[in-house]
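Dear colleague,

I am passing on a structure for you to look through. My notes come after it.

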Amino acid sequence: PVFEKLFSIAEYSNLTKEEKTMYDNSLKHKWDNKNVLDYAVKEAKLEEAKEIAREMKKDGLPMAQVVKFTKLSVEEIEKL
């Protein structure tokens with residue numbers, strides 16, 4: 001891994017200014033896309049947990065169980 005990192009650094013330092021800019025923009029685009037995807041997945045999981053909590057509340061399950069299984073806070077569950 002150390003040698004791979006050194007090789008990558010050496011390759012990067014041999015790039016022209018224009019190539020470095022293109023490379024940096026490409027990495028930024030990749031990281032932005034990953035962050036958007038990670039956020040979307042997190043939001044989807046949160047919505048799923050809220051839906052499960054709604055159903056559990058509707059069925060009259062104790063708040064402690066709803067919290068335990070959904071990992072939502074009591075305040076979040078009460079707002080549903």
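The notes below cover an aromatic pair and two further residues.

This is a predicted model, in which local features need pLDDT of at least 70 and side-chain atom pairs count only at pLDDT 80 or more, while totals for chains, interfaces and linings use all residues. Residues are numbered from 1 along each chain as its sequence is written, and side-chain values use heavy atoms, with hydrogens and water left out.

Rings of Phe, Tyr and Trp (its six-membered ring) are paired if their centres lie within 6.5 Å, and planes under 30 degrees apart count as stacked, over 60 as edge-to-face and the rest as tilted. One aromatic pair is counted by this rule. The ring centres of Tyr12 and Tyr23 are 5.5 Å apart and their planes stand at 55 degrees, so the pair is tilted. It links distant parts of the chain, with Tyr12 in helix α1 (residues 2-13) and Tyr23, 11 residues apart from it, in helix α2 (residues 17-58); helices here are DSSP runs (H or I, at least four residues), numbered from the N terminus. Taking buried as under 20% relative accessible area, exposed as over 50% and partly exposed as in between (1.4 Å probe, protein chains only), Tyr12 is partly exposed at 30%, and Tyr23 is partly exposed at 42%.

Thr70, in helix α3 (residues 63-70), is buried at 8% relative accessibility. Leaving aside neighbours within four places in sequence, Thr70 is in contact (heavy atoms within 4.5 Å) with Ala49, Ile52, Ala53, Met56 and Ile77.

Glu75, by contrast, is exposed at 52% relative accessibility, and it lies in helix α4 (residues 74-79).

Best regards

Note on methods:
Helices (H or I, at least four residues) and strands (E, at least two) are DSSP runs, numbered from the N terminus.
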